[in-house]
Each structure stands twice: as C-alpha cells, then as structure tokens.
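Reader: I'm new to this structure and I'd like a close look at just one part of it. Could you pick a spot and walk me through what surrounds it?

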Amino acid sequence: MTDASAVPSPLLDWLFARQRFGIHPGLGRVQALLGRLGDPQDRFQSFLVGGTNGKGSTAATLAAILQAEGRRVGLFTSPHLTHFAERFQVAGESLKTAEVEAALQQVRPHAEEVGASFFEIVTALGCLLFARVGVDVAVMEVGLGGRLDATNALSPALSVITNVALDHTEILGETHEAIAAEKAGILRAGRPAVTGVNPDLRGILDQEGADLWALDDLPLEVRSLGWEGAEVTLGLPDGASLSFRTPLLGAHGARNAALAALAAHRLGVSPEAIRAGAAGTVWPGRLEVLPFAGGRVLLDGAHNPDGAAALVAALRELGVERLPVVFGAAGDKDLSGVAAALVPLAECVILTRAVLSPRAADPQALAPLFPDVPVTVAPSPAEALDVLRALKAPLALVCGSLYLIGEVRPLLLGGASERRERWQ
C-alpha cells in the first residue's frame, strides 16, 4: 500500500525548501502570520513543553493523560521521524496528509508575505489545523530554546521545562545558565508551571514569576519493570501521592513521565486519568524496541552527551553490558561527547548517516571518535542494517540523529519514507 505522503506534493516541496533559509529566532513573523490566519491559537487552550532533552516524551505523556480524561487533544511535536504529518496528532493519531496540505494551502500566501521561516510556518500550520478540527487543548513541544521560539507566540495556560543541557550552543549560548534563561522564556508570570531543571538553575526560572513547582522538591520513587517500563510513585505538595506505570524505559523516561503527571495534576486531572494516560503513552524512536533479523533492535534519538549518558544508564539498568551500535548524527553536535558516552557500551560500531540530511556528519570522519572499538562504515542506513544483520546479535542499538532514526524505522517496519531533505 502506498502512503499518501509518498505522492509528490508541490506544497510540501515548497515548505521543505524553506528549511535552507535557516533558523531565525524571533516572534514578530509568526505573530504576524497567526494574525493573518485569524489567530487560530486563541481557539483552544495550550500548554508549552520545553527543555533540552525529554520534552517530546513528556509532551506525549501529557497529551495521552489529557486524552484519557476525555479531552480532545492536539499534540504538536518536532521533528517528525518519517512523515511530515506526524507533527500534528489529534486524539493520538496523526492527521491525514490531505488535511495538512489543505491547511498549508491557506497558510502559504500569508507566510510568503511576512517572510516566515520553515518552523514558523509549521507552528502556525499546527495551530490552524488544531483549530479546524476542534481540539479543546493542545500540547505544544517547543522547537529550539524557548524565549524566541515560534511556539512562544502562544499564550500557554501552563508551561513545562524538562531540563537544561548543552545543545544548540551556537544559538542559545555556551553555558547552562544562558540556555536556562532562554528556556525560561516560555514561563508566564502568575501562571502554573512545572520543571525538572536542576536546583542550581532554578533561580533563573524563578525570575519569570511563574507559579513554579519543581519535581526535585517532591518525593519520587521509581521501580523498574525491566523492558516493560517502570512503576512511578510521585509525592504531591499536599502530602498525597500518585502511583502509575509508564512504558518509557530508563530512569530518565520515568522522570519525564513523572513531570507530565505533575503537570496534569496541576491541571486538575484525576488520578485515574493520569494512570490510564501514562500507561498508554506511545513515543516512537525513543528507546523503542522493534524486531529485527530474529532479534531486537533498540532505536533512540540520543544526539547530545546528556542524552547519550541517559541512554547508556537505561541500558545498564536493563542489564545490557555491550552490544553492536549503529550511530550517525548531525555534524554540528558535540559528537566527541556523545561517542565518549557510547564507547563503554559498544561491542562494535557501524557508522552511517541519514542520507536525506545534508547536516549529517561524514561517517568516515567519526571513526576516530571510537578508539579501540571495531568500526565499520556504511554509507546508508540500509547498508548499516545489512552489516548489522550479518552479526546476528540478539540485541543491537541504533542511535544518534532523529533523522537517522526516521530513515531506519521504516526499513525495519516495511514502510515508505518521504524523500525530502531534512534540515529541521
């Protein structure tokens, strides 16, 4: 069966071509674009989820919880893995490509008039789509930073900041403090917010005047259920506690789920809905296990040192000592830091690249980052999987760029991917 998104689309070609104009932080263009579209973001309640790592899984968990409560929920995430329409989910399902294109047809002339960037257009498109289909609430994952990110043109009823780590330093700043200040921009004075940011950076967030609850100020117990996820018990400010299960793997996955549960509690969601939604969370490509060549392969988009360290810790917790690793990432990342985290885990390394991403690092150039580990270079994800298949390993890891994960995943599942360049 041919996916509709595999059919040529001049509209999507136009939009994807705008990726080459780069990232231009600022709210003026997206505010103008939303205004021209009738301010669709004012037709539903919105929640912003930002942070360096874990914001996607936190947003997905919060959306699942709100859906379990009976709300009609939109979930806006980026980047997509395989198909552009994945960025816009309603009631747990991606919108149809035809719906997305119909809305984009309306957005295009206004976007050209105001000179909107790729992500500004995508953000406004998401708001228009969610308004058209009548969502009650939208959980909006922040794209980059916070203060000047296009999603910050919305007026969130609640904001979430997962954590702060060094990533996108060329745009956000070279220090944790500078990045925290950018992330804090999604907070609103007097409005509820929750955070998992380290206590030593909390003062920077407090300057925004939000009614902030911090996860580290509350009792949190996590009991691993192995490959099934974890059971989490979260103490609440009123002295009560909330227990639930999450399929998210690793201590960091449990922490992200706890942050989403805390946000839902702040919104008055019942414990029953929190338990049901958290247990039903689906977040592909992030510690996702899929069958492969008689064994299993684990997919994860760990592309900065903190993300790689969390991935390794999760695998150690699951009893994994060493396994074959397929790795590829964008050349503008701290790849030496990522590689250093992965080396103790790697039985061997297969270096490759996302063929649709011009940002991808040359795999041959990555080889020196993995000293004393057998290295094979594969020019494409398909060839990397051929190498992996020959190893006949019971468990292997594919990690790095989400663009790489987005190309590997359909190869494992027998689906088709869009053949468009990936910059953002």
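Author: **Around helix α1**

Let's begin with L15, which is found in helix α1; helices (H or I, at least four residues) and strands (E, at least two) are DSSP runs, numbered from the N terminus. Bear in mind that this is a predicted model, where local features need pLDDT of at least 70 and side-chain atom pairs count only at pLDDT 80 or more, while totals for chains, interfaces and linings use all residues. Residues are numbered from 1 along each chain as its sequence is written, and side-chain values use heavy atoms, with hydrogens and water left out.

L15 counts as buried because its relative accessibility is 0% (buried means under 20% relative accessible area, exposed over 50%, partly exposed in between, with a 1.4 Å probe and protein chains only). Setting aside neighbours within four places in sequence, L15 is in contact with F84, L104, F118, I121 and V122, where contact means heavy atoms within 4.5 Å.

Now for the rings. Rings of Phe, Tyr and Trp (its six-membered ring) pair if their centres lie within 6.5 Å; planes under 30 degrees apart count as stacked, over 60 as edge-to-face and the rest as tilted. That rule gives a count of 7 aromatic pairs. Take F16 and F84: their ring centres are 5.7 Å apart and their planes sit at 70 degrees, so this pair is edge-to-face. It links distant parts of the chain, since F16 is in helix α1 (residues 10-17) and F84 is in the loop between β2 (73-76) and β3 (88-90), 68 residues apart. F16 counts as buried at 7% relative accessibility, and F84 is buried too, with a relative accessible area of 1%.

Another edge-to-face pair joins F44 and F130, at 6.2 Å centre to centre and 80 degrees between the planes. Because F44 lies in the loop between α2 (28-36) and β1 (45-50) while F130 lies in helix α5 (residues 118-133), this pair ties together parts that are 86 residues apart in sequence. F44 is buried, with a relative accessible area of 8%, and F130 counts as buried at 0% relative accessibility.

Back at F16, ring pairs link F16, F76, F84, F88, F118 and F119 into a cluster. F16 also has R420 over its face, at 5.7 Å from the ring centre; a charge sits over a ring if NZ of Lys or CZ of Arg is within 6 Å of the ring centre and within 35 degrees of the ring normal.

Q89 counts as buried at 18% relative accessibility. Leaving out neighbours within four places in sequence, Q89 is in contact with V73, G74, L75, S94 and F130.

Finally, helix α5 has a partner. The axes of α2 and α5 come within 10 Å and cross at roughly 35 degrees; axes are lines fitted to C-alpha atoms, for helices over the stretch in contact, and angles run from 0 to 180 degrees between N-to-C directions. The contact is made by R29, V30, L33 and L34 of α2 and E120, I121, A124 and C127 of α5. I121 is also one of the residues in contact with L15, which brings us back to where we began.
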